[in-house]
Amino acid sequence: YPDHMVFSEFRRRFDVLAPHLTKKLGRNYIVKDERRAVEELLESLDLEKSSYHMGLSRLFFRAGTLAKLEEQRDEQTKRNLTLFQASCRGYLARQAFKKRK
């Protein structure tokens, strides 16, 4: 398992991939059992059990698994930013139209 990450860091980086958990628990939710929160997140990501191992305080990933998750995270972030940018441009266009009217 060449790649590893602390539970809290994993949750912070990849909670964007499970928006239903974020909506249910809030963006900066604090939990008593970090391990259980990470297990929920991993279940929602549909990763094979053989591609990772949970230690006492860290997650260990097989080669390529973390890179795949990072790629998914980047794609989701791009989608979110595009939607935000579109709503901002729409708002500004509506304001300009109102001014011209």
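What follows is a set of questions and answers on this predicted model.

Colleague: In what order do the elements of the chain run from the N terminus on?
Modeller: The chain holds four helices and three strands. Read from the N terminus, their order is β-α-α-α-β-β-α.

Colleague: What percentage of the residues of the chain count as buried?
Modeller: A residue is called buried when its relative accessible area is under 20%. The chain has 101 residues, and the share that counts as buried is 29%.

Colleague: Which element gives the largest share of the largest nonpolar core?
Modeller: That core has 18 residues, and those touching the most other members are F10, F14, L42, L59, F61 and L69. At least two core residues come from each of α1 (7–14), α3 (34–45), β2 (52–54), β3 (58–61) and α4. The largest share is four residues, and the element supplying it is α3.

Colleague: Which residues does L59 touch, leaving aside those up to four places away in sequence?
Modeller: L59 is one of the core residues that touch the most other members. With residues up to four places away in sequence left out, L59 touches D3, H4, M5, F7, F10, V38, L42, Y52, H53 and M54.

Colleague: Is the ring pair of F10 and F14 stacked, edge-to-face or tilted?
Modeller: F10 and F14 are both in helix α1, four residues apart, or about one turn of the helix. F10 is buried, at a relative accessible area of 0%, and F14 is buried at 0% as well. Planes under 30 degrees apart count as stacked and those over 60 as edge-to-face. The ring centres of F10 and F14 are 5.0 Å apart and the planes stand at 45°, so the pair is tilted.

Colleague: How many residues apart in sequence are the parts that the pair of F10 and F61 ties together?
Modeller: Both F10 and F61 are buried. Their rings form a tilted aromatic pair, with 5.7 Å centre to centre and 35° between the planes. F10 belongs to helix α1 and F61 to strand β3, so the pair ties together parts whose separation in sequence is 51 residues.

Colleague: Which residues do ring pairs link into a cluster?
Modeller: F10 forms an aromatic pair with F61, and the rings of F10 and F14 make a tilted pair. The cluster linked by ring pairs is F10, F14 and F61.

Colleague: How far from the ring centre of F14 is R13?
Modeller: R13 lies over the face of F14. Its distance from the ring centre of F14 is 6.0 Å.

Colleague: Is Q76 buried or exposed?
Modeller: Q76 sits in helix α4, which spans residues 65–100. Its side chain makes a polar contact of 2.6 Å with the side chain of R79, and Q76 also touches V16 and L17, not counting residues up to four places away in sequence. The cut-off for burial is under 20% relative accessible area. Q76 has 19%, so Q76 is buried.

Colleague: What is the relative accessibility of T65?
Modeller: T65 is placed in helix α4. Residues up to four places away in sequence aside, T65 touches L47 and S51. T65 counts as buried, with a relative accessibility of 8%.

Notes. Residues numbered from 1 in each chain as written. Predicted model: local features only at pLDDT ≥ 70, side-chain atom pairs only at ≥ 80, totals over all residues. Heavy atoms only, no water. Buried < 20%, exposed > 50% of the residue type's maximum accessible area, 1.4 Å probe, protein only. Polar contact = N/O pair within 3.5 Å; in protein donor to acceptor, adjacent residues only side chain to side chain. Contact = heavy atoms within 4.5 Å. Core = buried A, V, L, I, M, F, W, Y, C linked by side-chain atoms within 4.5 Å. Phe/Tyr/Trp six-rings, centres within 6.5 Å; stacked < 30°, edge-to-face > 60°. Lys NZ or Arg CZ within 6 Å of the ring centre and 35° of its normal.
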